[in-house]
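Thanks for making time this morning.

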Amino acid sequence: MKPIPFIDELVVTPEVIDDLNHVNNVTYLQWVQDIGEKHWKAKAPEDIRKKYGWVVLNHYIEYKYPAFEGETLTIKTWIENYGGVKSERRTEIYRQKDQKIVAKAKTLWCFIDLEKQKPQRIQPKITEPFFES
């Protein structure tokens, strides 16, 4: 099965700029989490989203180039793999003007039952909307 990427874009705003005049590192982490949530909400059926959710186990972010105020960035995410109760999501953030990757991330998520707040095994009905056959 091949992952179906989810793509969004944003313009870097003044409030995410740090003392070095580029995007603050913490902002990239927020963007990684935000795009994962947007992907989940866009693809998972509402009945599934009401019963199940995700918690982060860890993030690994690699910063490649700085991004600056006013630049348009493309954020692409996809599910790299999954098994048991865990899923690895990849994210790449590109600067549109030159297509350079400014940051990329690997995030390990744990699938949970929202009511019980306990890990839940990932079933095919959960992953089907995120992959091509």
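Which residues does Y28 touch, not counting residues up to four places away in sequence? Before I answer, a word on conventions: this is a predicted model, in which local features need pLDDT of at least 70 and side-chain atom pairs count only at pLDDT 80 or more, while totals for chains, interfaces and linings use all residues. Residues are numbered from 1 along each chain as its sequence is written, and side-chain values use heavy atoms, with hydrogens and water left out.

Now the answer: Y28 touches V23, I61, Y63, Y65, P66, A67, I93, V102 and A103, where contact means heavy atoms within 4.5 Å. Y28 also belongs to the largest nonpolar core, which has 14 residues, and is among those that touch the most other members, together with V12, V23, W31, L73 and I93. By such a core I mean a set of buried Ala, Val, Leu, Ile, Met, Phe, Trp, Tyr and Cys residues joined through side-chain atoms within 4.5 Å, with buried meaning under 20% relative accessible area for a 1.4 Å probe and protein chains only. The helix α1 gives the most to this core, with 3 residues, and apart from it lies another core of 10 residues, including A44, I48, I79 and I126. Helices here are DSSP runs of H or I of at least four residues, strands are E runs of at least two, and both are numbered from the N terminus.

Let me turn to a polar side chain. T77, in strand β4, is buried, with a relative accessible area of 0%. A polar atom of its side chain lies 2.8 Å from the backbone oxygen of R90, and the T77 side chain also makes a polar contact with that of T91, at 3.2 Å; such a contact is a pair of N or O atoms within 3.5 Å, one able to donate a hydrogen and the other to accept it, and residues adjacent in sequence count only if both atoms are side-chain atoms.

The largest pocket holds about 220 Å³ and is lined by 14 residues, of which G36, E37, W40, W54 and W109 lie nearest its centre. On a 1 Å grid over the protein atoms alone, a pocket is an open set of points with protein on both sides within 12 Å along at least five of seven lines, a cavity is a set where a 1.4 Å probe fits but cannot get out, and lining residues have an atom within 4 Å of a point. Volumes are the space filled by probe spheres set on the points, which are joined across faces, edges and corners. The largest cavity, at about 30 Å³, is lined by W54, I79, Y82, S87, I122, I126 and T127.

Key:
Buried < 20%, exposed > 50% of the residue type's maximum accessible area, 1.4 Å probe, protein only.
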